[in-house]
Amino acid sequence: MKSIYINKIAPLCALSLLMVGAASHAQKFSGVVFDADGNRIAKAKVSLVNTKYKAVTDEKGQFTFSDIGVGKVELHVSAKNFSHINEYFTITDQDITEVTISLSATVMEVVDVYATPLHSSSIESALPVNVISGDELRLKQASTLGETLKNEVGVHSSYFGPVASSPIIRGMDGPRVLITQNGLDVGDASRVGPDHAVAAEAGTAQQVEVLRGPSTLFYGSGAIGGVVNVVDNRVPTNIDNQVDYLLKHNDVADESEATLNVNTGYKSLAVHLDAFWRESNDYKIPGYATAEEDHDEHEEGHDEHEGEEIKGILENSASKSSGFTLGSSYLFDAGYIGFSYGRMERTYGIPGHSEHGEEEHEETGTEISEEGAVFGDLVQDRYQLLSEISFEDSFINRVMSKAAYTDYQHQEIEGGEVGTQFNNEMLETRFDLYHQAVDGWKGAWTLHYKENDFNAIGEEAFTPPSNTESIAIAWLEEKHIDDVLWQLGIRAEHVTLSANSEVESHDEHSDELGSHEEESHFNKQSFTPISASLGAVWEYSTGYNLGFSAAFSQRAPSASELFSNGAHIGTNTYEVGALFEVHEEDHELHVDLSDQNVELETAYNLDLTWRKFEGDFGFVASAFYNHIDDYYYQANTGLFAEGGHDSHDEAIEENHEEETAGLPVYVFQQNNVVMYGVEAEFFYQVAPSLKATLFTDYIRAKLTDNNNDNLPRIPPMRVGGQLNYMTDKYSAELSATHYFKQSDTAALESETDGYTMLDANFNYFINNVGDDMVAFLKVNNITDEEARVHTSFLKGVSPLPARGFTVGIRGSF
């Protein structure tokens, strides 16, 4: 299979190399960037949209472009602490010099977004976008992607303990939220279950972007709920010499971490290297004795604790991970072409299982339990090809090519033996073809292909081997008409899911499928999802805009949503796909092939966003309404499957019958759903050194065809705020977030009490050591609050960590 994928990627390299070339011109375009008081702005980013021309202003605020082609161009200028600006110019055969650009100060952080094919920043999108980068990303960075992003407006975490945590966007997660790396699927198994870690590393990233609302036009039906795009420099686009480093340690999990990023180059060859290492022990939980005391008690009398949770720490929550990436690019006048190889290894305990004794796993060296405890062991190899080529005199004026091949393996190990092994091979290619402006309309066509071979092996493999193949074409256009930016798009996709022909007998609870026709229908499913959107951004007054989006989007179900039928060791559940139906007869569980057809998930989404982004006071306020037909969700049937493995049933919070043997049965069902909510964030520059921020978000999700019952595991309302104080020598931040009680629960789901998290951090800037050096201290959960996450399958046994201190140093040179 690897050779097939490599043969498919090879023509992309040849195509990109053949596209090298651009016409020469003699026109010159130059100018100066000022602030509102007439001061020149250094290090402002200046570019001609959808072209190769990019520059950074010098100490005098000046920029220059040479060899510009004749025609109309859009100039985009941005700078830190200033709002972005777009201006149009017509290039003739005469030079244009002494252009003056004035930027207005803003209290909000305005960042360019890489996740959208057409140019936009965090304040120029019809849909709200979160972007964290730079020092903010380093401060928020955690061991999992979900925990890194959980404090962003509209974003929560699935929190499967500290070891596996995925982002939840507006109440949606799993296969509806696509995790990408530089715009391409990370290719892991994190969409299959909450116990699977995301194979993307924020520690070596430049920025992380969150696209809320349907992003199917850009990424396909797997992004009906949103996209998280991890942007790194693994395929470098310049030869600037830069070294970034970070070292830190926290006491709550005895966790140590180190990351390194190196970029360099010579003439036309750019080179990149990054690496990270992280290791932690079981973490402390609040409200009990110290971890040291509990450890001593555990050593003195093991029998006393057999079958019960050790207070003070969360057992089986240790982890160890490491990885590196090598990348290189060839740079030329019209663009670049580059290649990278990355490897990630991660071993982590899966909380919520019994633990008796320890032994060392011979392959990883990690201490694991001899009986009962479960941990995950993943390895990923990823190859990526990126290129960008501009054509000045062609109707197609820019081509961006992306390709990635990912080889992923994940083992779930119980008592030292592999219970289930997940293998996932993915090939993804994408071409974005941009055209010259036609009557003011700028746009791009996207050609997108993805193939995914997924295989689960073992006695407790709950989903059969499957192949998912999709091919799509999309068309996006935008145009400024007076003060309104209009955005239009449509995408057509064809998805084929094929399961192994022997799937019907892979578990003892499955009854025979029956006829050959039934088996054939079961093994192959085809869908043709269509998506379309209309968006508008109206800058009705200086420093204000209104964003509106109306979208129709469809999603093909994932293989696990259709074909699952077995015990899932990591979550302590028995999972059944939508192609089956479950009933109990004579106290025995029966899983039969359903006669009901599975349907596309179809969403109708409205989104309204109001922004003020200039001056000392700013805000972003959004409201959304989403009606989804045939929504796939996991419902607790109240039934139990015999077999499986020894476990703590209380790990699954919906299981209230502690003495019932077996695993709770969850079935993927389809129902019509309404989801709506509000999000708001306010910023105020109280004084030159003091800034205040306040935010809130609220999500409501109901099943419309089932007496308006609630969807399970929907995040509760929350309100939070923070104060930031900054001087030339140091900065400090104090933040508080209150999570309200979640009482809007589904059948067989318990309520979750509210809680308040209080955090702080302090940064000391060290001068004359490289370009930038910062010593920092963070304190999380200052009040040692016992907090349980409603969205977590493990809320019954896995509270958030106790009070923890983190110290570290980061910098660059």
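Predicted model: local features only at pLDDT ≥ 70, side-chain atom pairs only at ≥ 80, totals over all residues.
**Exercise 1.** Locate Thr-204 and decide whether Thr-204 is buried or exposed.

*Solution.* Start with the chain: Thr-204 sits in the loop that links strand S12 (184-185) to strand S13 (207-212). Next take the accessibility, where buried means under 20% relative accessible area. Thr-204 has 5% relative accessibility and therefore counts as buried. Finally, list the contacts, leaving out residues up to four places away in sequence: Thr-204 touches Asp-232, Leu-260, Asn-261, Asp-274, Ala-275 and Phe-276.

**Exercise 2.** Work out which strands stand at the edges of the open sheet of five strands, and describe how S13 is joined to S14.

*Solution.* Write down the strand order, which is S8-S13-S14-S11-S12, in an open sheet with mixed pairing. Strand S8 (129-133) and S12 each have a single partner strand, so they are the edges, and one side of each has no neighbour in the sheet. Then turn to S13 and strand S14 (residues 226-231): the two run antiparallel and are joined by six bridges. Within S14, Val-228 is the residue opposite Val-210.

**Exercise 3.** Characterise the second largest pocket by volume, lining and residue class.

*Solution.* The volume of the second largest pocket is about 1200 Å³. Its lining comprises 49 residues, and Glu-74, Asn-86, Tyr-88, Lys-442 and His-480 lie nearest the centre. Assign the lining to strands: those supplying at least two residues each include S5 (71-78), S6 (85-91), S24 (417-438) and S26 (466-481). Sorting by class gives 15 nonpolar, 21 polar and 13 charged residues.

Methods. Residues numbered from 1 in each chain as written. Heavy atoms only, no water. Helix = DSSP H or I, 4+ residues; strand = E, 2+ residues; numbered from the N terminus. Buried < 20%, exposed > 50% of the residue type's maximum accessible area, 1.4 Å probe, protein only. Contact = heavy atoms within 4.5 Å. Pairing = 2+ DSSP bridges. 1 Å grid on protein atoms, 1.4 Å probe; cavity = no way out; pocket = protein on both sides within 12 Å on 5 of 7 lines; lining within 4 Å. Points joined across faces, edges and corners; volume = space filled by probe spheres on them. Nonpolar A, V, L, I, M, F, W, Y, C, P; charged D, E, K, R; others polar.
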